[in-house]
Amino acid sequence: MNSGGWVGGERRAGAEPIWTGRARPYDESTLRKHARYLARSGGAALVARAVEAQVHQAAVACGGKVIAYTDMFGQVYWTKKPAYAAPIGSRGNRLLAATYFGLTVVRPRGGPALAYHVSWHKPASPLQDALEVLYADKPRAGWLRSQSRHHIWARGGSGVATLRWAAARAIPSLTVSRGSTHWTRYRRAPKVHTRSRLPVFVRRDRKVARGKPHHGKAMQSKVGEEGPEEVIFPAHPDKGRGSTKALRYRTGRPLTKAALRKLDRLYKTRWPSNENALKALVAVGFDRNLDRGLVTTTSRGIDGARTRLQAREQALSDEIEAFVPTTLPQTMQAIRRFARKKRGCDEQQARRLKAPQDKGARMPTGAEGLCKNLMLLMHNAIALLLLRSRLHQVRTMSLGRLHELLLGRSFLACLEERQTTLWIEPVPCASERLLQQELVRLLNEASLSLKGRSLLFKLREPHGETKAL
């Protein structure tokens, strides 16, 4: 029972009774139960595929080539049970119980930023975890490698191990290293110059190229062949030669001269295309906690140590198989070395097994993954709808602004035999009413329907008279 009674509950429910045809809205526990059932029956994966197909169709309509962006964000949850904690950037990097999510956004050339993939991770998971889940699916990885001009991510993925992993999979990565340098330290002839005539130096990223890829193929290391590169780009090109500070950008493949000339602008597209899209989703409830159960498990640090130990044991096994003895002293020396390494692996494995699992973390066992993918599906549909507008303010409108002007307004629903008419309450400001009218026009052109009836949106007159748009 709702605290305000049945009538109050129906008023708070908004359009739910119109959509379901019931006299009163569903209770929240009923919705949670059915959402969990759908998620466990494969609904989350089904909606995730629909999001990917939606982005693929939009990319084809815009010309095919896209730029991908991947970032991590933390979702705080409050619990009295022992749980793993991690730093949350939006709260001053305080250590709080959290769930980490990896979000990948794709932007077609000339199109809007579209959410492509969301993944669930333990607290304190690095950016590489989100990238590994993203490229674990072969069809998705193949589409990204073939259609992405660049895959841009933050400094958290600028480590040598992550870049070697990306280079082994031919990912067109672009990131920036931590720290800075000065372009006046470099004497090699610059490849290009910025618009302010500052030099841009390009050199082989030998630290990344020195590593062995995971697929067993040798990396291309000769000068002139395609491979990872390091670009020394001025940090403040608009200040001219008065500023000598520079940043180290690291790329997975050589960039064209046009891209090198405006490399800072290319990387900074991460803010409007990725950061702003994430903030817009969070503003409408993307960071809500819908799964409240904790699962007792290991920490992300222990998981990483286990992965490194498995790689160490595999390397030792490969070394033993490749060993060919020639003399008895060499054989005895090798046996002692192998035994010492094996003993170290066993001791590390024993310490790992003794680690108590007395803390919990939220895992994707409920409906939150399904709800997040549904929000991504709706976000993309709205972004593609707003792109059809003639007004720049509408084309770049955020979800929060759209909710304020239209979706969050009160309305009167008139149910007819073949259509449902929604009379929307207008905003008091005349300038914003023009935006509201444009939104109503876009929705009517979309030819939406509800339970077999066509949906018609109309804006009420400020003085009580109605006028169809």
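Leucine 328 lies in helix H13 (residues 328-354); helices (H or I, at least four residues) and strands (E, at least two) are DSSP runs, numbered from the N terminus. The model is predicted: local features need pLDDT of at least 70, side-chain atom pairs count only at pLDDT 80 or more, and totals for chains, interfaces and linings use all residues. Residues are numbered from 1 along each chain as its sequence is written, and side-chain values use heavy atoms, with hydrogens and water left out.

At 62% relative accessibility, leucine 328 is exposed (buried means under 20% relative accessible area, exposed over 50%, partly exposed in between; 1.4 Å probe, protein chains only). Leu328, Met332 and Ile335 make a nonpolar surface patch of about 300 Å². Patches are made of residues with over 30% relative accessible area and no salt bridge; like charges are joined within 9 Å, nonpolar side chains (Val, Leu, Ile, Met, Phe, Trp, Tyr) within 5 Å. Helix H13 also holds lysine 342 and aspartate 346, four residues apart, about one turn of the helix. These two form a salt bridge, with the closest N and O atoms 2.8 Å apart (a side-chain nitrogen of Lys or Arg within 4 Å of a carboxyl oxygen of Asp or Glu). Lysine 342 is partly exposed at 43%, as is aspartate 346 at 38%.

The structure holds 20 salt bridges. One of them joins arginine 270 to aspartate 71 (3.5 Å, N to O). Arginine 270 lies in helix H11 (residues 270-283) and aspartate 71 in strand E1 (residues 66-76), so the pair ties together parts that are 199 residues apart in sequence. Both partners are buried: arginine 270 at 7%, aspartate 71 at 13%. Within helix H12 (residues 300-322), aspartate 303 and arginine 306 are three residues apart. Their side chains also meet in a salt bridge (3.3 Å, N to O). Here aspartate 303 is buried at 12%, whereas arginine 306 is partly exposed at 27%.

Arg49, Glu52, Asp137 and Arg140 are linked in a network of salt bridges. Arg140 is also among the buried residues of helix H6 (residues 138-147), with Ala141, Trp143 and Leu144. Seen down the axis of H6, these buried residues fall within an arc of 160°, so they line one face of the helix; the arc is that of the directions from the helix axis to the C-beta atoms. Lys138 and Pro139 are exposed on the other side of H6.

Methods: Accessible areas come from the Shrake-Rupley method with a 1.4 Å probe; for residues, only the protein chains shown count as cover.
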